[in-house]
Amino acid sequence: MATPIQVVFQGGGAKLCLMLVVCEVLKKYEADNRIKVEKAAGSSAGAIAAVMLASKKSPETYKIAIKAIGARYLPMMKVRWWRGAWRVFNGRAYFPDLNLERLFDELFCQNDGPKRLNDLRFEVELYFTDLFSLNARYAPSDEAIPKALARSCRFPFAFVGFASKDTEVDGGLALNLAVDRLKQDESTNGRVIGISFSAAFGNSAKSNLLSFTQQLFSAAIQSEVSRSEAILGRQNVFLIDTNIGTFDFVDALGDGLGVHYDLVLLRFQTWLEGWLGSFGPIGLDPSGHTSKLLRPVLSNTQLASPIAREIDDRLKSEPCTHALGAFTYETAMLDGHGEFLGKYRTRIETVFRVIRRTNVFAV
C-alpha cells in the first residue's frame, strides 16, 4: 500500500541540481507503489524542483535539458563586477540579459510539456515574496508555469532592480521552506517531508557591500528555515550537505550533476527507506489482506517492545482528531442578595471530529 506524502523543497539557487536527485528517487518509489505524492511546495529553486516532481517528464530528461540550456545561459551570467554593481546602483538587474520566463518555458513547456500549474500531476504551491503586502504568497493554480517560476526565482538585485515596477520577488526571502499550509493538510494529504540543506556558518570576513548584503540575506533566510524545520520535526527533514553555493552554476552543471548527484542519490534513498520504516504503512497480514492490523502476540501481559514503540511513535505523530470549534461560557457568581462575589463559573465546550480510532493498551 502506497504511503501518501507531501513534499516541500527549500530554495537554493544552483543547488537545484541536488534537489533533482530527490525527485528521481521519489518518482522511482512512486512507480514501485511505495509512496504517493499528494502535494508539493517550494520557493525559488525549490519551486522548480516541485514542478519537476509534479511533471510527467522523467528526471533524466530534465537532467539532460538543464545541461543543454545551462550551457547557453551561463554566458549571460558572466558580468564584470564593476559593470554589474553600476547597474544595481542605478536600479537595474545585475544580470539584465537573463530572461527567467523564457528559460522556464524552454525547460518545462516545450515538446507538449505542461503549460500551467493545473496541468501537473498534483497540486503545487509556488511561493513568491510580495513587496507590496509584505507577505509570502503562492501562485494561483491556473497561472502559466514560466511566469509562476520567474516570480518565485526573481532574486533582488540579481534579476530585478529597485527601479523596476515588479513588487513580486524571490519567494525564499519570506518563506524559504513553506511548510505551514502543507502541515495543516496532513490529515488528508499525508505526512510532510522537507528537503533542506545543512546550515553553515557565515564568513566573518565581509570585504565589501555585496558580501555583507549576501550575509544579511542568508541570516534572515536561515532563521526562517530553522523555524520551518522545527515545525516539521527533524526526523521529517532530509538535509543535503553540499559546498555548492547559491550562484555556483558552473559547479552545479559539473560535479553537481556528476559525482555529487550520485552521492546524494544514495544518501536520500537510505534516508527514505528509514523514514518509511518508521512512518510508512503496516505490511500485509499472512492472508494478504490490508483491511486489518495484525494482533500482537502477548506474553506475560507484556506487549512486544518493538510493537509498543511503533504504536507510541504513531500516536505521537499522527493526529487522531480534528478540532471544529471551542466555546467558552462564563457566568458571574452572586450571593443571596444579588451581590457579585468576585468569582466566575467557567464552562468550556470543544467540538471535534474523530479522524481515526485510537486504541489504548494497559499492560
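**Entry 1: Glu186 and its partner**

I began with Glu186, which counts as buried at 13% relative accessibility; buried means under 20% relative accessible area, exposed over 50%, and partly exposed in between, with a 1.4 Å probe and protein chains only. Its salt-bridge partner is Lys183, with the closest N and O atoms 3.3 Å apart. I count a salt bridge when a side-chain nitrogen of Lys or Arg is within 4 Å of a carboxyl oxygen of Asp or Glu. Lys183 is partly exposed, at a relative accessible area of 26%.

**Entry 2: What I am working with**

This is a predicted model, where local features need pLDDT of at least 70, side-chain atom pairs count only at pLDDT 80 or more, and totals for chains, interfaces and linings use all residues. Residues are numbered from 1 along each chain as its sequence is written, and side-chain values use heavy atoms, with hydrogens and water left out.

I checked pLDDT, the predictor's confidence in each residue from 0 to 100. The mean for the protein chain is 82, and 78% of its residues reach 70 or more. Over residues 289-303 pLDDT stays under 50, and the model has 14 contacts there beyond four places in sequence; contact means heavy atoms within 4.5 Å. Where pLDDT is low, the predicted coordinates should not be read in detail.

How many salt bridges does a search of the whole structure find? I got 16. One of them joins Lys39 and Glu125, with 3.1 Å between the closest N and O atoms. Lys39 sits in strand 2 (residues 35-43) and Glu125 in strand 3 (residues 123-130), so this pair links distant parts of the chain, 86 residues apart. Lys39 is buried, with a relative accessible area of 2%, and Glu125 is buried as well, at 0%. Both belong to a network of salt bridges that also links Glu123, Arg181 and Asp185.

I then looked at Arg151 and Glu168, whose side chains meet in a salt bridge at 2.9 Å, N to O. Arg151 lies in helix 6 (residues 145-153) and Glu168 in strand 5 (residues 168-170), so the pair ties together parts 17 residues apart in sequence. Arg151 is buried, with a relative accessible area of 6%. Helices (H or I, at least four residues) and strands (E, at least two) are DSSP runs, numbered from the N terminus.

**Entry 3: Helix 3 and Lys63**

I compared the length of helix 3 (residues 59-73) with expectation: at 1.5 Å a residue, its 15 residues should span 21 Å, and its end C-alpha atoms are 20 Å apart, which agrees. The expected span is 1.5 Å times one less than the number of residues. Its buried residues are Pro59, Tyr62, Lys63, Ala65, Ile66, Ile69, Gly70 and Tyr73. What covers them includes helix 1 (16-31), helix 2 (45-54), helix 5 (100-109), helix 10 (249-253) and helix 11 (259-279).

Not counting residues up to four places away in sequence, Lys63 touches Leu20, Leu257 and Tyr261.

**Entry 4: The nonpolar cores**

A nonpolar core here is a set of buried Ala, Val, Leu, Ile, Met, Phe, Trp, Tyr and Cys residues joined through side-chain atoms within 4.5 Å. The largest one has 73 residues, and Phe9, Leu26, Met52 and Phe108 have the most contacts inside it. Helix 1 gives the most to this core, with 11 residues. I also noted a second, separate core of 13 residues, including Val8, Val179, Leu182 and Ile221.

Setting aside residues up to four places away in sequence, Leu26 touches Ile5, Val7, Ile35, Leu53, Ile193, Phe268 and Leu272.

**Entry 5: Glu229**

Glu229 is found in helix 9 (residues 209-232) and counts as buried, at 4% relative accessibility. Beyond its neighbours within four places in sequence, Glu229 is in contact with Leu177, Ser196, Arg234, Val237 and Leu239. I also looked up Ala178: it is 51 residues from Glu229 in sequence and 9.9 Å away in space, C-alpha to C-alpha.

**Entry 6: Positive phi**

Asn111 has a positive phi of about 55° although it is not a glycine. Asn111 lies in the loop between helix 5 and strand 3 and counts as exposed, at 74% relative accessibility.

Leu134 is another non-glycine residue with a positive phi, near 60°. Where does Leu134 lie? I placed Leu134 in the loop between strand 3 and strand 4 (135-138). At 68% relative accessibility, Leu134 counts as exposed.
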